[in-house]
Amino acid sequence: PSPALHASSFLSSRALRTCPPRRAASTSLSSLLTSMGIGFGRPKTQFTGKLRPGTVAPTRAVPPGIQRPEYAVTGKPRSVPGMPWDIEVKSPAMIEKMRVAGRLARMVLDATGRAVRPGITTNDLDVVAHDMAIELNCYPSPLNYSGFPKSVCTSVNEVVCHGIPDTTVLQDGDIINVDVTVFHDGVHGDCSETYLVGEGVDDKGKELVKVTFDCLEAAIAICRPGVPYSHIGGVIDPIAKKYGFTSVREFVGHGIGATFHCNPNVLHYKNNTNNGVMAVGHTFTIEPMINEGKVKNIFWPDNWTATTIDGKRSAQFEHTLLITKDGVERLTGKIETSPKYFWEE
């Protein structure tokens with residue numbers, strides 16, 4: 001997203017442009033002093049809901065024979081110069097590679113989603129995702145991206161995005177977003193879904209998950225050559241508001257290809273920002289994060305985990321998309337073996 005944004009799907013809170021969501025750069029002097037314990041008032045807690053960080057296991061190894069992205073060793077993703085509307089048109093050969101990477105990402109996500117159940121830890125899910133990626137000859141793209149320590153993002157309940165897998169045990173009634181990206185044959189594929197844990201999720205939680213899915217579907221439906229990227233947020237925002245929900249502003253979708261995060265920045269709220277116009281050969285993600293309550297978020301001390309400011313739940317769905325002459329193709333679309341959504345069962 002722009003300098004005022006954090007890109008979602010993976011942007012270090014320290015990075016100016018890497019696309020996971022981008023974080024607002026401006027902070028008032030008074031809030032900065034308060035956060036440091038200086039001046040009037042007490043520092044705001046960095047925990048707004050019931051969730052607390054667990055213990056993070058050591059980073060899992062990737063076999064030497066698997067191709068790695070440029071940041072795998074250094075932790076430093078490449079920067080992509082150019083104006084926000086300068087968007088790479090992928091070659092036919094690159095598009096074929098991205099179709100493969102997208103399908104592989106879908107396979108990893110499906111395998112991890114099947115493992116979601118009460119009693120499992122988020123670290124267990126990281127193991128499933130990591131091992132499946134390796135089995136498919138993929139590098140798990142989040143690993144060491146700007147220093148991220150794990151192979152997948154697991155965001156439970158009030159966590160908006162970029163939750164770090166740890167010893168947190170999933171409870172019946174939780175919701176969890178699993179965000180998977182893999183690097184294969186020189187390109188990335190990126191997708192995520194929000195899952196219900198057990199049978200105890202209340203009706204409001206189910207509604208939040210389904211509405212978030214509907215927001216993504218409605219946004220995908222307008223994608224075709226000639227549509228400004230700014231129109232995506234104008235579709236998502238009204239749907240979220242209709243149900244009393246809010247569409248997160250601080251994290252955005254992003255271009256993707258040989259680079260994990262690049263132009264365009266895809267804002268999920270109503271805007272007039274010139275982030276370019278869709279054209280044949282563009283590849284990007286749409287990944288709305290919809291909050292049950294207030295739109296704002298705060299960060300945990302790990303500087304990765306973003307949570308809702310009021311401790312209420314957040315949900316997210318994501319696809320990697322390709323603009324074609326006929327419209328849009330879901331590079332991470334469901335396959336024959338994919339689990340059904342809860343409303344389809």
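Which elements each supply at least two residues of the lining of the largest cavity?

1. **Ground rules.** This is a predicted model, where local features need pLDDT of at least 70 and side-chain atom pairs count only at pLDDT 80 or more, while totals for chains, interfaces and linings use all residues. Residues are numbered from 1 along each chain as its sequence is written, and side-chain values use heavy atoms, with hydrogens and water left out.

2. **Overall make-up.** The protein chain comes to five helices and 17 strands; these are DSSP runs numbered from the N terminus, helices being H or I of at least four residues and strands E of at least two. Of the 345 residues, 55% are buried (buried is under 20% relative accessible area, exposed over 50%, partly exposed in between, with a 1.4 Å probe on protein chains only). Among contacts between residues at least 6 apart in sequence, 71% join residues at least 24 apart; a contact here means heavy atoms within 4.5 Å.

3. **The cavity.** There is one cavity of 30 Å³ or more, and about 40 Å³ of space lies in the largest cavity. On a 1 Å grid over the protein atoms alone, a cavity is a set of points where a 1.4 Å probe fits but cannot get out, whereas a pocket is an open set with protein on both sides within 12 Å along at least five of seven lines; lining residues have an atom within 4 Å of a point. Grid points are joined across faces, edges and corners, and a volume is the space filled by probe spheres set on the points. To answer the opening question, α3 and β6 each give at least two residues to this lining. Among the lining residues are Ala129, His130, Ala133, Val180, Thr181 and Val182.

4. **Helix α3.** Just after α3, Asn137 takes a positive phi of about 65°.

5. Most residues other than glycine have a negative phi, and most peptide bonds are trans. Asn144, in the loop between β3 and β4, is not a glycine, yet has a positive phi of about 65°. Asn157 has a positive phi of about 55°; it lies in the loop between β4 and β5 and counts as buried at 15% relative accessibility. The peptide bond from Asn263 to Pro264 is cis, with omega near 5°.

6. Pro264 sits in strand β10, which spans residues 262-266 and has five of its five residues buried. β9 (251-255) pairs with β10 in the antiparallel sense over three bridges; two strands pair if DSSP finds at least two bridges between them. Six residues lie between the two strands of this hairpin, and His254 stands opposite Asn265.

7. **A three-stranded open sheet.** The order is β5-β14-β13, with antiparallel pairing. β5 (159-161) and β13 (297-299) stand at the edges with a single partner strand each, so one side of each is left without a neighbour in the sheet. The twist averages 40° from one strand to the next (axes are lines fitted to C-alpha atoms, for helices over the stretch in contact, and angles run from 0 to 180 degrees between N-to-C directions). Three bridges join β13 to β14 (306-308), with Asn297 opposite Thr308.

8. **Second largest pocket.** Its volume is about 420 Å³. Of the 17 lining residues, the closest to its centre are Tyr195, Leu196, Lys340, Phe342 and Glu345. β7 gives the most to the lining, with four residues.

9. Lys76, in the loop between α1 (29-35) and α2, is exposed at 63% relative accessible area. Lys76 touches Glu70 and Tyr71, not counting residues up to four places away in sequence. Thr320, in β16 (319-324), counts as buried at 1% relative accessibility. Leaving aside neighbours within four places in sequence, the contacts of Thr320 include Met98, Asp190, Phe284 and Arg330.
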